[in-house]
Amino acid sequence: MTSASVDLTLRDLSTRGAADAGCSTRLLDAPWDVDATDPGYGPGASMADPIPAGAPAQGEIPQEYRDASAEELDRRILAAKAALGDRALVLGHYYQRDEVIRYADYVGDSFQLATAAKARTEAEAIIFCGVHFMAETADLLSGPEQAVILPNLAAGCSMADMADIDQVEEAWEQLMEVYGGESEDADGLMPIIPVTYMNSSAALKGFVGRHGGIVCTSSNATTVLHWAFARGRRVLFFPDQHLGRNTAKAMGIGLEQMPMWNPRRPLGGNDAQGLLEAKVVLWHGFCSVHKRFTTAQIDKARAEHPGVRVIVHPECPMPVVDAADESGSTDVIRRAIEGAEEPTTFAIGTEINLVQRLAAAHPQHTIFCLDPVVCPCSTMYRIHPGYLAWVLESLLAGEVVNRITVGQDVAEPARLALERMLSAKPAPARTTTER
Ligand code: SF4
């Protein structure tokens, strides 16, 4: 049976002298060693991405957690959870390592986890085993008395960091010069509506809230784009160019109407006419995990496994989504596998921790990751049972460590942008190009 543990897979590869089958031998290091020596995102898919100056770093945790064996950490985590009872809720994102997921009270994608946090009002503390923007979203949706804790502060997200609020404010100023400001035209439409993917900082969610915009997830991006086009001529979509492009293309928008905005260039590297003709301005951001998937991997999977069902995440580049049989959010992928009645071979284009867990949970199917190199999300991988034991035992001792809070000035418009998403209804099947 396939092991659900990416840690064990990496160790097995290493002992067989095949460590290079993982994208970095440093994946085997303890995350506190990485925290102490690596100022970047750490080993894994984002290791080559430049990290912004001032990104949160994790201080050293007490030696007892760094020295503890897996068995001791297991015993201490379970004991702390039992003692805390309903006071603490542990949330685990699908992309967390299996050694962490086993302690989660609820497992899901970022939005499912944030809504789970909202529903559990009796929990004083929400321990979010995921990344920074997810903990921020949980803080936005949970009650003011609830503390949201991120076990390792270095667990950011390279994609979310690609749309820095200062760059976005600067881009907006330039766009307003081209479009003549933020006012409705004769048809009651704004020149452009900002749409941010859930995978973005609270500051960005606040920005879109202040400018009449909305948040989307990979599950509702089409609904949200319809919402935006009912209110504006165009959309500024960030941070993920691929989700924006894949969604808009499926709605019938031509690639020539989707210019890319490169924040390091004047007008994002466009001319004013191109921006006037645009329907969707795509921010130059991407997920380093999903960028690894290629059409060559799909061709290989089809050649080696006739009849294989290829499902990829919409954060993958457009040619990969086009070459796949299906694309959808992590939850769509999970449900597609759960719903397959006959033994099926699946090639999946998403994060390796989820793929290995699905493979272990469904031995009647053959399930493998399209990418043959074991390369987890660098920042998801920064969460480790040692940090979980530390935050839980600190809580038990009356100390809240690593709390993530969103300031009121940002929280109010960010909640507004989230509420717009929650109330957006699927639109009739009319494309924006009909207008
Ligand atoms: S998988 Fe991609 S989008 Fe998700 S946390 Fe990792 S880098 Fe960010």
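Colleague: Which residues come nearest the ligand?

Modeller: Around the ligand there are 14 residues, where being near asks for a C-beta atom, placed from the backbone, within 6 Å of the molecule. The nearest are Cys 157, Met 159, Cys 287, Val 289 and Cys 377.

Colleague: And before we go on, what sort of model is this?

Modeller: Residues are numbered from 1 along each chain as its sequence is written. Local features need pLDDT of at least 70 and side-chain atom pairs count only at pLDDT 80 or more, while totals for chains, interfaces and linings use all residues, since what you have is a predicted model.

Colleague: How many residues of the ligand shell are charged?

Modeller: Ala, Val, Leu, Ile, Met, Phe, Trp, Tyr, Cys and Pro count as nonpolar, Asp, Glu, Lys and Arg as charged, and the others, Gly among them, as polar. The shell then splits into 8 nonpolar, 5 polar and, for charged, 1.

Colleague: Why do the buried residues of α9 line one face of the helix?

Modeller: Helix α9 covers residues 165-179; helices here are DSSP runs of H or I with at least four residues, strands are E runs of at least two, and both are numbered from the N terminus. Val 168, Ala 171 and Leu 175 are buried in α9, meaning 20 or more other C-beta atoms within 10 Å of their own, with 12 or fewer for exposed, partly exposed in between, and C-beta atoms placed from the backbone. Looking down the axis of α9, the buried residues line one face because they fall within an arc (directions from the helix axis to the C-beta atoms) of 65°.

Colleague: Which residues of α9 are exposed on the other side?

Modeller: The buried residues of α9 are covered by elements including α10, β7, β8 and α13. On the other side, the exposed ones are Asp 166, Glu 169, Glu 173 and Glu 177.

Colleague: How many residues of α10 are buried?

Modeller: Helix α10 is mostly covered, and its buried residues pack against α7, α9, β5, β6 and α19. Among those buried are Lys 205 and Phe 207.

Colleague: Is Thr 137 buried or exposed?

Modeller: Thr 137 sits in helix α7 and is in contact (C-beta atoms, placed from the backbone, within 7 Å) with Ser 110, Ala 114 and Met 198, leaving aside neighbours within four places in sequence. Because Thr 137 has 31 C-beta neighbours inside 10 Å, it counts as buried.

Terms used. Expected span 1.5 Å × (residues − 1). Contact = placed C-beta atoms within 7 Å.
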